[in-house]
Amino acid sequence: MTQITGNLFILAAPSGAGKSSLIRALLTKHHHGDLCPSVSHTTRAPRPGEVDGEHYHFVSKAEFEAMIERGDFFEWAKVFDNYYGTSKAAIDQTLEQGKDVLLDIDWQGARQVKAQRPDTATIFIAPPSAEALRERLKNRQQDSDEVIEQRMTKAKAEISHYDEFDYIVVNDDFDTALKDIEHIVFGQRLRGHQQRQRHRTLFEALLGG
Ligand SMILES: Nc1nc2c(ncn2[C@@H]2O[C@H](COP(=O)(O)OP(=O)(O)O)[C@@H](O)[C@H]2O)c(=O)[nH]1
Ligand SMILES: Nc1ncnc2c1ncn2[C@@H]1O[C@H](COP(=O)(O)OP(=O)(O)O)[C@@H](O)[C@H]1O
């Protein structure tokens, strides 16, 4: 039987919308390996608790630029003054195994991936309100008030691209938002071109007699 290539999913959101929490919950539910995260490269410094090769591949600016030169990246962008990118190696092998890959990238990356692979499902996570977004950034207790205000300004820049996405999920009630994302994943797996490949013999039999 022909090997079916996995699906690509992109989740983008303004910082604080709950993207990391949703991805974590999604991966915990789908822990059998049918949905895999892609580990990005970045030039930003690791935060306490972040593990190289798990959360990100942490590299220097020179290393990142050498990778750009070599054409190692599937997509890359400058976000918050640092480079971020998805290497081809990070996704190709997984997709070839027929597994789905989840990319946690910004709108610039989403645009590049969509241009290269139009069948990618791009999902935008929105907060229910600006007040809720600010509250979540505060409750996370990760940033100073000044950084929170910077994130709120940057959030507007990310949100301004909401109409470029295939799907929009409003993360008001967490479990509802998680279900919405799962429905998108399940729906994508049932698209015609994959189902035709998967059920080739069925259709041959149905049409043969
Ligand atoms: N284009 C692109 N964006 C990325 C990539 N990896 C992470 N990002 C985005 O970069 C932004 C900053 O991520 P991060 O430094 O982890 O900070 P935080 O999400 O604000 O805590 C987020 O919007 C990520 O989705 C990548 O490989 N490519
Ligand atoms: N639906 C929700 N309702 C209330 N709080 C939420 C919800 N989703 C996430 N949060 C909380 O909001 C904060 C920001 O979430 P996080 O996943 O870190 O966001 P992001 O990755 O988008 O920056 C965290 O403290 C998280 O627990």
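Reply: Happy to! Over residues 6-186 the chain is 43% helix and 22% strand, with the end C-alpha atoms 12 Å apart. Helices (H or I, at least four residues) and strands (E, at least two) are DSSP runs, numbered from the N terminus. The UniProt record, an unreviewed entry, annotates residues 6-186 as "domain: Guanylate kinase-like"; such annotations may be inferred rather than shown by experiment.

Two notes before we zoom in. This is a predicted model, in which local features need pLDDT of at least 70 and side-chain atom pairs count only at pLDDT 80 or more, while totals for chains, interfaces and linings use all residues. Residues are numbered from 1 along each chain as its sequence is written, and chains are lettered from A and ligands numbered from 1 in the order in which they are written.

Let's look at strand 7, residues 100-104. Of its 5 residues, 5 are buried. Here a residue is buried if 20 or more other C-beta atoms, placed from the backbone, lie within 10 Å of its own. In a regular strand the side chains alternate between the two faces of the sheet. In strand 7, Asp 100, Leu 102 and Asp 104 are on one side, Val 101 and Leu 103 are on the other, and both faces are covered.

Now for the neighbours. Two strands pair if DSSP finds at least two bridges between them. Strand 1 (residues 8-12) runs parallel to strand 7, with 4 bridges, and Ile 10 has Leu 103 as its bridge partner. Strand 2 (residues 35-37) also pairs with strand 7 in the parallel sense, over 3 bridges; there, Pro 37 stands opposite Leu 102.

Leaving out residues up to four places away in sequence, Ile 10 touches Leu 103, Ile 105, Ala 110, Val 113, Thr 120, Thr 122 and Ile 123. Contact means that the two C-beta atoms, placed from the backbone, lie within 7 Å.

Ile 10 and Leu 103 meet again in the largest nonpolar core, which has 37 residues. Such a core is a set of buried Ala, Val, Leu, Ile, Met, Phe, Trp, Tyr and Cys residues joined through C-beta atoms within 7 Å. Those with the most contacts inside this core are Phe 9, Ile 10, Leu 11, Ala 12, Leu 103, Ile 123 and Ile 125. In soluble globular proteins, nonpolar side chains tend to be buried together.

Terms used
A residue is buried if 20 or more other C-beta atoms lie within 10 Å of its own, exposed if 12 or fewer, and partly exposed in between; C-beta atoms are placed from the backbone.
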